[in-house]
Amino acid sequence: MARLGGDYLTRALETIALYPRPRSALIPLLHLAQEQDGWLTADAMAHVAELLELDAAEVYGTASFYDMLFTEPVGRHLVSVCTNIACLLNGGLELLEHAEERLGIRAGGTTADGAFTLEEVECIALCGEAPCLAVNWRFFGSVSGESFDRLVEDLSDGRLSEEVPSHGTLCRVRRTVGLAAEGAAVGAAEGAAKGAAEGAAERAAERDAGAGSGTEVGR
Amino acid sequence: MALTDAAPIVTARVGKPESWTLASYLADGGYESLRKALGMEPAAVTQEVLTSNLLGRGGAGFETGKKWSMLRKADPVYLVVNGDESEPATFKDHMLLEADPHQLIEGAAICAYAVGARKAFLYVRGEFALGIERLTAAVNEAYGHGALGREIFGSRFSLDAVVHPGAGAYICGEETALLESLEGKRGFPRIKPPNFPAAIGLYGAPTVVNNVETLSNLPWIISHGGEAFAALGIGRSTGTRIFSLSGHVRRPGNYEIEMAKTTFRDLIENPRLGGGVRDGRAVKAFIPGGASAPWFGPDHLDLALDQDAVGNAGSMLGSGSVVVMDDTTCMVRAAWRITRFFHRESCGQCTPCREGGGWLEKVLRRIEAGAGREEDLDLLLDVCDNLAPGLSWPPRQTTICVLGPSIPSSITSAVRMFRDEFLRHIREGRCPFHGGGVK
């Protein structure tokens with residue numbers, strides 16, 4: 001359970017500064033929170049709400065709409081098997097059944113050691129290599145039962161840690177430029193956003209004190 | 001009709017080493033079209049695109065130049081790139097984002113210059129992690145090269161571009177849902193009218209929303225001229241287009257071919273394209289333009305890959321994805337899986353879609369499981385009629401967006417074309433192809 005900290009907070013502030021209206025940064029910030037903790041904790045969502053001057057319910061209401069955002073803990077490896085039409089025609093359902101058997105869980109479940117969560121997903125746009133799957137949104141095509149078993153072993157033994165970062169890590173490339181057309185460097189934009197964020201946090205604290213209670217998210 | 005020797009436009013660089021880097025793009029003459037465009041009047045750039053008759057490659061197939069011309073005069077205006085490719089069996093933008101992000105950035109900059117946008121948002125489907133990483137790196141490089149940012153290439157035009165990840169929702173490919181999502185909200189489509197993005201778009205400002213493949217054509221159109229683009233293809237279907245071919249073919253993949261000159265049969269059978277149905281089997285049916293499109297049988301194989309020809313035949317070229325189903329395919333199962341997709345992806349705003357999709361999925365599942373009744377066929381068509389009255393094509397609208405009225409496409413196709421197969425499931429009490437049915 002954590003608020004956005006250290007470099008995650010810096011990245012969040014840099015991200016907010018890219019948008020004309022702070023709320024547009026909501027989904028990118030939820031991805032950051034998920035990168036930090038592996039899933040969306042109530043504390044992180046409350047922090048995102050503070051940063052964007054939103055109610056916690058607005059943050060949770062948005063988060064709960066999207067399939068990639070998890071408001072419950074999820075395994076270190078999220079295995080997403082496609083069974084939509086192109087995969088269905090090429091053994092996608094059978095691959096999912098194999099995955100359930102190999103991991104010992106049903107789709108939607110997580111292994112007892114927290115290593116794997118298995119989910120059945122809609123088309124992930126790799127239909128030229130059906131049946132396909134993704135692990136933490138890194139793609140694997142033309143997957144057979146045999147290659148699935150090898151993949152699970154490689155993931156378990158850490159042999160794919162370069163290719164497949166931990167769950168929640170979406171983009172490992174950082175934006176290095178601010179809004180240059182508007183004449184704002186990354187640092188400058190961040191400074192402005194930080195000021196705004198601090199102001200927002202103060203206002204939120206005042207509001208909470210007035211209401212006499214904190215706000216819980218995601219329960 | 002046959003495969004023509006028209007050179008690929010948007011996939012020309014796919015497969016080259018490190019094709020996604022600035023160095024590779026510049027080595028192939030990258031960003032020269034943007035320089036050329038910046039030396040033209042914005043209206044002249046729009047005129048080239050009007051001349052090219054580039055049709056949108058996202059699904060609706062609207063004229064791109066016309067879309068720009070309809071923009072309400074105001075300040076600011078925004079450009080939003082639709083990279084939320086989620087239509088089942090469509091996988092071309094996924095490839096373009098990973099293989100040639102600079103081509104997309106150059107196309108976006110050309111568009112922004114033509115319409116007077118100083119800010120572009122590149123909305124990319126959240127699942128495309130590698131595409132997001134490469135596009136982000138390319139945006140960094142483009143700023144460094146002077147192709148984005150302040151006074152681009154020494155001109156008076158300035159543009160900021162922001163890569164924005166989605167988070168998993170098919171509906172966000174619908175342009176007004178995409179704008180809601182970009183504003184940090186649930187992806188609920190907006191009511192049109194009045195919320196046509198050209199009039200009331202992002203933050204209420206006039207907004208151009210263009211697809212990844214559409215914009216990726218612009219550098220070529222500016223360098224070669226709109227006339228050269230319009231010289232390819234036939235009639236309104238100009239240029240080349242990527243077709244995502246999948247299902248029961250020997251060589252599934254993305255093939256960029258000249259519009260309207262080639263037939264579905266060519267696409268499926270040509271050894272340089274699909275290479276024929278796998279195991280030498282026969283085509284039982286195919287989906288000509290994404291999961292939202294009504295199906296065709298083998299009698300339509302000689303139809304040209306032409307937007308209007310396919311439309312007149314009762315379906316659509318849609319997102320350019322062609323799914324081939326051979327004679328081993330259970331059509332109940334295929335229709336059930338597509339229907340389950342729409343049910344899962346319904347945003348829930350409109351009753352016919354939210355409720356109708358769920359009931360259709362349940363009825364199809366029970367038929368596939370061997371527990372169907374003969375009156376289920378009429379029931380299916382009746383519920384479909386509630387979603388798209390008259391079951392005409394294009395469907396009549398009962399909902400805010402077209403997701404709901406797209407649900408009947410696969411069901412009415414399957415029931416009309418393969419009624420006997422449905423009856424066999426019901427009378428034999430089991431799926432004749434898979435036996436056990438589905439979970």
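In the predicted model, 69 residues of chain B are in contact with 55 residues of chain A, a contact being heavy atoms within 4.5 Å. Residues are numbered from 1 along each chain as written, and chains are lettered from A in the order written. Local features need a pLDDT of at least 70, side-chain atom pairs need 80 or more, and interface totals use all residues, while side-chain values use heavy atoms, without hydrogens or water.

The two chains bury about 5000 Å² between them, 57% of it on carbon and sulfur atoms. Buried area is the accessible area (1.4 Å probe) that two parts lose on being put together, summed over both. Six salt bridges are counted between chain B and chain A. Each pairs a side-chain nitrogen of Lys or Arg with a carboxyl oxygen of Asp or Glu within 4 Å. One of them joins A:Arg172 to B:Glu133, with the closest N and O atoms 2.9 Å apart. The side of chain B that touches chain A comprises 33 nonpolar, 18 polar and 18 charged residues. Here Ala, Val, Leu, Ile, Met, Phe, Trp, Tyr, Cys and Pro count as nonpolar, Asp, Glu, Lys and Arg as charged, and the others, Gly among them, as polar.

Chain A averages a pLDDT of 89, and 84% of its residues score at least 70. pLDDT is the predictor's confidence in each residue, from 0 to 100. Over residues 207–219 of chain A the pLDDT is below 50. Where pLDDT is low, the predicted coordinates should not be read in detail. Of the 219 residues in chain A, 55% are buried, that is, under 20% relative accessible area (1.4 Å probe, protein chains only).

Technical notes: Buried < 20%, exposed > 50% of the residue type's maximum accessible area, 1.4 Å probe, protein only.
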